[in-house]
Amino acid sequence: MLFDNIVSKKEWSVYELTSYLRKKVEMDILLKNIYLKGEVIRPTLSGEHLYFELKDLEYDAKVKCVYFWFDKKIEVRHGTKVLVKGSVIFYEKEGIIEIKVSEITDIGLGELFVKLKQLEEKLKQEGLFDQKHKKEIPRYPKKIGIVTSKNGAAVRDILNTIYSKFENIEVYIFNCSVQGQNAPYEICEGIEYFNNILPVEVIIVGRGGGAFEDLMAFNDEMVVRKIFESKIPVISAVGHERDYVLTDFVADLRAITPTNAGEIVVSFQNKALEKQDEYRRKMKNLISKKIESSREDLKLQLYRLYQNSPSNKLTKLAQDADLLSSKLTFLLNKKLHHISSNLKILGKRLSVSGPYVRFAKAKNDYEMLLKRLNIAFKNFCQKKEFEFKIKVEKLIALNPLNILKRGYSVTIHNSKVLTTVRVVSIGDEIVTRITDGIIKSKVFWTEEGEDE
């Protein structure tokens, strides 16, 4: 071991010394979970951690402190007088001592808080809070005792919770003070009363919420020990979920509120009722299914009995006879109908193939063809007449005389149509044809050029 080897040495290294001091600090049980009262100096918040120094209130002594995962809702200012709970740690690399804080409380409650924590530690060391001493809460209590003030809201919440479903449970209330000097004695008297005078199956000890000082009766050592000594299981139901008192640790079970205590004592009854309802529903469904199944079986058996009865067999034979008779009648009618149809077809064929019918058909064909020929000849004549009219109209349109009627004329020279002045000479005779005759004239002069 490192420390065994350095005992005989005259010279230590710095690392050996700091490691030795760290080991000493870690092994010293007196330096674990200690309470320090002092004044906060230069608090600094770094991320989720609070760093500050704690200064002695009477002497000029300081120690560094660190509060890991500090709750930012708690306000810690420079100069605030506080009570801190923590353990001494030694950083060997820097050679400094620091307090690792786990709780921090305003100094106004410091003295009371210190005493409470000291009492808690004392009772814990004695084993009053050990799990092995916890008694099991009865599942189906018929008698319940409540130690609280009969005028408080807590007792009303508990009774409303219990009697909302279970009116047959007997609940007894021991009226007592829940704060003040006499409260611890009266609470102990109530626990004693239900243990010796009016035995019950479970005891609820509690009250509604309040300030830290208001709950101190349930932090009293006498009350804690009385609950520990109780032969009857005890449920501690003090304040709200955030409130913790010593009776919570020593009781056989802690309820977060008085209402929750009422829920706990009837929780198994509630589950039993739920199971009972569930089983009732299942049984009802099974019975309904069984009845329905039996009803179907009965219908089947009745049907089979009806099918196999003598009267039903006779009826069935009669029905079969009627059916066969109907089938025979149907087949005979069908055969007769088939024969009748064949006779009609043969008669029709015979009537169609006779000479008179064939002559009548040939006559009808002749008349139809003659009628079609007349229609075709008439259409042919109309077509040719239409084509003739078109050609006549075209000849009329192309007749030169019709052109002359519009004021034009044709000049002939030497039996040829005159189309240029170059083929005539002065003195030549020319003939001009107009719409109603001809004009003979002699050329006196000619001139070439277009007519402007």
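Modeller: Let's start at tryptophan 69, which lies in the loop between strand S3 (62–67) and strand S4 (81–91). Keep in mind that this is a predicted model.

Colleague: What is the phi of tryptophan 69?

Modeller: Positive, about 55 degrees, although tryptophan 69 is not a glycine.

Colleague: And is tryptophan 69 buried or exposed?

Modeller: Tryptophan 69 has a relative accessible area of 65%, so it counts as exposed.

Colleague: Which other residue has a positive phi although it is not a glycine?

Modeller: Arginine 42 does, with a phi of about 45 degrees. Arginine 42 sits in strand S1 (residues 34–46).

Colleague: OK, on to the strands. How do S1 and S2 pair?

Modeller: Antiparallel, over six bridges. Isoleucine 41 is opposite glutamate 53 in S2. The two strands make a hairpin with two residues between them, and glycine 47 in the turn has a positive phi of about 65 degrees.

Colleague: How many of the seven residues in S2 are buried?

Modeller: Five, so strand S2 (residues 49–55) is mostly covered.

Colleague: Switching to the parallel sheet. What's the strand order?

Modeller: S7-S6-S8-S9-S10, five strands in an open sheet with parallel pairing. S7 and strand S10 (253–254) are the edge strands, each pairing on one side only.

Colleague: How many bridges join S6 to S8?

Modeller: Four, between strand S6 (residues 143–148) and strand S8 (residues 202–207), which run parallel. Glycine 145 has isoleucine 203 in S8 as its bridge partner.

Colleague: Which strands does H5 touch?

Modeller: H5 packs on the sheet and touches S6, S7 and S8, with its direction at about 145 degrees to that of S7. Helix H8 (residues 258–265) lies across S6, S8, strand S9 (234–238) and S10, and runs at about 155 degrees to S9.

Colleague: Now the rings. How many aromatic pairs do you count?

Modeller: Six aromatic pairs. In one of them, phenylalanine 174 and tyrosine 193 are tilted, at 5.5 Å centre to centre with 40 degrees between the planes. That pair links distant parts of the chain: phenylalanine 174 is in strand S7 (residues 170–175) and tyrosine 193 in helix H5 (residues 183–196), 19 residues apart.

Colleague: Why is phenylalanine 174 called buried?

Modeller: Because its relative accessibility is 14%, and the cut-off for buried is under 20%. Tyrosine 193 is at 28%, so it counts as partly exposed.

Colleague: What about tyrosine 244 and phenylalanine 249: how is that pair arranged?

Modeller: Stacked, with 6.1 Å centre to centre and 10 degrees between the planes. Phenylalanine 249 is partly exposed, at 27% relative accessibility. Phe129, Tyr244 and Phe249 form one aromatic cluster.

Colleague: Which residue lies over the face of tyrosine 244?

Modeller: Arginine 254, at 3.9 Å from the ring centre.

Colleague: Quick one on helix H2: how far does it reach?

Modeller: Helix H2 (residues 14–27) has 14 residues and spans 20 Å from its first C-alpha to its last, close to the 20 Å expected. Its buried residues are Glu16, Thr18, Ser19 and Val25.

Colleague: Last thing, the whole protein. How many helices and strands?

Modeller: The protein has 12 helices and 14 strands. Of its 452 residues, 27% count as buried. Among contacts with a separation of 6 or more, 57% come from residues 24 or more positions apart.

Methods: Residues are numbered from 1 along each chain as its sequence is written. This is a predicted model: local features need pLDDT of at least 70, side-chain atom pairs count only at pLDDT 80 or more; totals for chains, interfaces and linings use all residues. Side-chain values use heavy atoms; hydrogens and water are left out. Rings of Phe, Tyr and Trp (its six-membered ring) pair if their centres lie within 6.5 Å; planes under 30 degrees apart count as stacked, over 60 as edge-to-face and the rest as tilted. Buried means under 20% relative accessible area, exposed over 50%, partly exposed in between (1.4 Å probe, protein chains only). A charge sits over a ring if NZ of Lys or CZ of Arg is within 6 Å of the ring centre and within 35 degrees of the ring normal. Two strands pair if DSSP finds at least two bridges between them. The expected span of a helix is 1.5 Å times one less than its number of residues. Contact means heavy atoms within 4.5 Å. Axes are lines fitted to C-alpha atoms, for helices over the stretch in contact, and angles run from 0 to 180 degrees between N-to-C directions.
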